[in-house]
Amino acid sequence: MLNYIIRRLLMFIPLLLILSIVSFVIIQLPPGDMLTTYIMRLKMSGVQISEEEISRLTSLYGLDKPLYIQYLKWIGNLLRGNLGYSFLWGRTVNEILAARLPLTIFISILTTIFVWAIALPIGIYSALHQYSVFDYIFTSIGFVGLSVPGFLLALILMWFFYNQFGINITGLFSSQFVNASWSLAKVLDMLKHIWLPLIIIGMSGTAGLIRTMRANLLDEIRKQYVITARAKGLTEKIVIFKYPVRIAINPLISTIGWMLAGIFSGEALVSIVLNIQTVGPVLLQATLGQDMYLAGSITMILSTLTIIGTLISDILLAWLDPRIRYGEVGK
Amino acid sequence: MKRFWMIGLVLVLVFSLMLGNVSISFSQEKYKESPMLAELVKQGKLPPVEERLPENPLIVGPGVLIQKKDLPDWKVGKYGGTLRSVHHSPGWNPDFYIGDIEPLVAPIGEGVAATGVKGIAPNIIDKWEVSKDNKVFTFHIREGLKWSDGYPVTTEDVQFAYEDVLLNDKLTPIFPVKLRSGYKSDGEPMKLKVIDKYTFECSFAEPYGGFLLQLAINQWGDYSDFLLKPKHYLKQFHIKYTPLEKMQPMLKEMGLTNEWWQLFNMKDINSWERCTSQAVGFPMLTAWIPTSITQSTIIMERNPYYFKVDTAGNQLPYIDRLSSQQVQDVEMMNMKVITGEVDFLRENTSLAKMAVYKANEEKGGFRALLVDHHLDPSGLELNFTYNDPVWRKVVGDIRFRRAINMGINRKEIIDSIYYGIGGIPETGVPYNPEEANKLLDQMGLNKRDNDGFRIGPDGKTFVIPIEYGTFVPEFPPISELVVEQLKKIGIKATAKAIEISLWGQRVGSGTLQATIMWMRDLGNESPWTWDPNEIIPQYYLWYTTRGKQGLEPPKWVKDGFSINEKIWASIPGSEEYNRLKREELAWEKQYLPVISFIGKAKQPIIVSSKLGNIPRSGRDIAINYSMEQFFFTK
């Protein structure tokens with residue numbers, strides 16, 4: 001096991017190197033650079049930047065240096081924990097992420113708990129009572145949740161709340177708390193606002209999870225070992241929870257790999273619609289604005305987290321399911 | 001005789017009383033200030049208002065910032081309040097940007113902020129003189145004017161901006177065209193002579209009356225973009241005044257070793273950088289100065305040293321604070337507007353949303369004004385020097401441009417896209433497809449292909465490939481309409497949206513063949529009437545290199561250059577200038593370098609119903625300019 005983990009960790013190094021090159025190059029692929037985007041943004045407001053000013057900015061941001069030097073500079077700083085400087089925001093990437101990360105992680109974890117707490121029992125219930133009234137109800141809700149994109153749901157709810165009650169449900173804080181430092185009042189204010197994004201972001205996740213759990217469990221409970229267990233006279237509770245549920249949960253564990261990255265970035269579209277300050281919208285904006293260090297660093301972190309997540313889920317799976325071996329077949 | 005003496009005595013008494021009163025009011029309260037600042041004065045953190053203001057502050061009253069016809073009921077305002085706004089791009093709120101602009105001299109219509117460039121008014125500079133040949137300008141800075149940190153503004157700051165920044169090739173690799181004789185890229189650089197603490201002289205080798213216009217409005221900049229920089233603050237980042245070792249810790253923080261000019265550039269804040277986090281603490285001359293810029297908010301507070309007062313002696317601005325929240329999406333701004341979370345919004349409003357604004361005015365506690373737009377919001381630009389001989393021959397033929405100008409159904413565009421609000425632009429002609437068809441037949445485009453489109457001189461269908469940037473929501477539907485309208489006169493056009501940085505890059509390299517763009521921006525009088533890279537890149541190159549590179553332009557283009565040169569040589573608002581502007585318009589009507597679709601366009605402005613001194617008409621941008629006289633009535 002330890003051997004296996006070390007081997008996987010060693011594989012990280014070349015993988016991350018390739019990833020860093022790919023993410024840097026992809027950001028550079030579209031025409032122009034961060035400066036052209038910046039200049040166009042000003043031009044849209046009527047501000048004309050002269051040639052002299054452009055040449056000054058180009059050298060200021062080091063954009064006149066060849067691509068590989070820009071890359072080496074970035075990766076060198078990255079290794080020392082300095083994620084670089086965002087031209088668009090005019091501050092360091094570390095600062096930007098530090099401000100948004102806690103909130104993002106908080107929302108994501110809360111959403112995950114929400115999703116699992118609701119989806120797992122419902123999935124199990126649906127599987128055990130297949131084709132019952134409740135199964136149909138949950139299935140219908142599940143399909144709606146799967147097919148309606150989160151941002152659309154957010155838009156509809158936003159309009160509904162404004163039209164019916166005249167309140168703007170966007171943002172996570174009331175305006176007097178936006179700039180206030182953290183206090184009990186601020187936390188309470190946030191808890192007042194957070195449930196809606198939670199439900200919206202969790203909706204499709206819940207629906208998907210219900211379907212997966214139901215299908216997996218249905219597969220399992222028809223297997224012979226379940227019949228054997230029942231025949232041996234075990235109570236229904238032990239029969240279901242000790243064996244089939246444990247196995248049915250396996251596919252969910254393997255999704256932890258992507259979940260970790262998801263927790264970091266938050267749901268971008270819903271965050272944009274609901275005006276929540278998470279990392280997702282920043283990544284989108286950085287990519288559109290070709291803010292290379294910001295976009296590159298976030299992409300890099302996301303990829304690293306995905307790799308780590310995959311490793312964690314692999315280890316967890318191996319630990320939960322003894323049938324899984326570490327690629328040493330034949331020994 | 002006695003009575004005469006009595007009268008005399010009474011008069012003397014009255015006079016002395018008046019004088020006494022005057023002198024009393026003078027010494028006690030000549031100027032008043034915001035309670036917020038009075039508190040700081042009381043605590044001893046700030047000198048009294050008389051010491052903070054220059055000797056002769058700019059006095060704002062009826063008709064000073066905004067013309068009387070647009071704001072007939074100008075009032076002395078009340079202090080206090082926070083003006084709320086929203087922004088989308090980090091570190092950029094266009095309305096705060098315009099509201100905070102303080103040019104050296106101000107452009108006037110009939111009010112300083114009217115921005116119809118009819119002349120020039122005092123602002124930071126209170127007196128100036130121009131030599132008869134329009135080559136030498138003597139400027140006088142308002143005496144006793146102070147930076148926002150209380151440090152006096154003198155010609156030392158001008159000298160610093162000129163000698164240590166503009167003439168330093170690390171900080172200014174290319175000397176700006178704006179400061180070259182006649183606004184020509186090969187013109188001689190400006191020379192500066194400091195006369196005394198407040199007076200300086202700028203001289204040019206050739207007549208350059210338009211220099212005043214450069215200082216006033218061109219490209220929407222202000223004093224900070226050239227000629228005036230806070231020396232006492234910036235010298236700590238300049239190699240001439242501070243040894244490199246002292247800057248080393250700051251350089252290291254930025255990941256640099258000895259590139260001090262990068263540090264200097266980062267610390268030197270331009271007009272359009274005022275909403276960025278680096279701008280906090282930078283000495284300014286503006287009404288509000290940034291005090292807290294976080295990732296989600298921009299907060300600016302009143303500048304205690306601002307140089308304008310109202311007629312009652314109250315130091316401006318009236319509003320204490322500006323605060324802007326970042327939204328993740330432009331659409332979210334409209335949501336914030338209708339729920340009443342925005343007190344002022346200009347640039348990011350949209351005519352298409354007018355009905356939504358109107359429906360929510362009362363509920364949201366705001367008014368949606370429809371005022372004049374400061375530019376013509378759309379028009380067709382053809383690149384006369386695009387690298388294709390057939391294209392050049394066709395679009396270079398004036399009959400072709402006249403036919404297009406006649407073939408555009410402006411009423412249809414205005415009715416379907418601008419909700420019927422707007423008029424025919426100055427160069428526009430009545431819609432006349434028959435005449436347009438006749439002209440096109442005459443010029444030899446009389447053969448048609450199987451689809452009914454005209455065939456060019458090379459035997460292939462002639463196509464206008466319109467590629468527009470995606471930054472204006474009206475551009476896509478307009479392009480589609482234009483494509484349909486041109487079909488009626490047998491011209492094949494295609495419309496394609498391209499991403500804005502690609503658009504910018506192709507304009508920059510002069511390789512965009514045809515595009516839709518706004519035109520006649522009041523604040524952007526370029527060396528030619530439009531961005532030359534959009535329509536005549538090769539001709540312009542020929543012009544700027546004096547024939548060494550590029551293509552030799554036809555006579556009508558040369559005429560345009562020559563009119564433009566004369567305009568820049570003359571003084572804005574002068575008899576000569578106005579005559580040349582008329583000449584330019586006549587030239588434009590005759591040769592149609594661009595084809596504008598709509599003039600007299602309107603732009604909605606959102607203002608809280610609690611705000612006072614809001615003009616009822618005029619230009620959108622002028623209203624934005626006059627923000628220092630806004631006040632909260634409740």
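Visitor: Which domains does the assignment give for chain B?

Guide: Domain bounds come from an automatic or database domain assignment. For chain B, domain 1 covers 30-95 + 274-374 + 602-634, domain 2 covers 101-229 and domain 3 covers 376-596. This is a predicted model, in which local features need pLDDT of at least 70, side-chain atom pairs count only at pLDDT 80 or more, and totals for chains, interfaces and linings use all residues. Residues are numbered from 1 along each chain as its sequence is written, with chains lettered from A and ligands numbered from 1 in the order in which they are written.

Visitor: How many residues do domain 1 and domain 2 of chain B bring to their contact?

Guide: The centres of these two domains of chain B, taken over C-alpha atoms, are 26 Å apart. Domain 1 of chain B puts 25 residues into the contact and domain 2 of chain B puts in 24, where contact requires C-beta atoms, placed from the backbone, within 7 Å. On the domain 1 side, helix H22 (residues 620-625) of chain B gives the most, with three residues. Helices (H or I, at least four residues) and strands (E, at least two) are DSSP runs, numbered from the N terminus. That side of domain 1 of chain B has 14 nonpolar, eight polar and three charged residues. Nonpolar means Ala, Val, Leu, Ile, Met, Phe, Trp, Tyr, Cys and Pro; charged means Asp, Glu, Lys and Arg; the others, Gly among them, are polar.

Visitor: What radius of gyration does chain B have?

Guide: The radius is taken over C-alpha atoms, and the globule rule is 2.2 Å times the number of residues to the power 0.38. Chain B has 22 helices and 22 strands. Its radius of gyration is 27 Å, close to the 26 Å from the rule for 634 residues, so chain B is as compact as a globular protein of that length. The C-alpha trace of chain B spans about 100 × 70 × 60 Å along its principal axes.

Visitor: How is a pair of packed helices described?

Guide: By the angle between their axes and the distance between the axes. In chain A, helix H5 (residues 93-128) and helix H13 (residues 256-265) pack at about 130 degrees, with axes 7 Å apart. Axes are lines fitted to C-alpha atoms, for helices over the stretch in contact, and angles run from 0 to 180 degrees between N-to-C directions. H5(A) and H13(A) are therefore oblique to each other. Residues of H5(A) including Ile105(A) and Ile109(A) meet residues of H13(A), among them Met259(A) and Phe264(A).

Notes:
Contact = placed C-beta atoms within 7 Å. Parallel < 35°, antiparallel > 145°, perpendicular 65-115°, else oblique.
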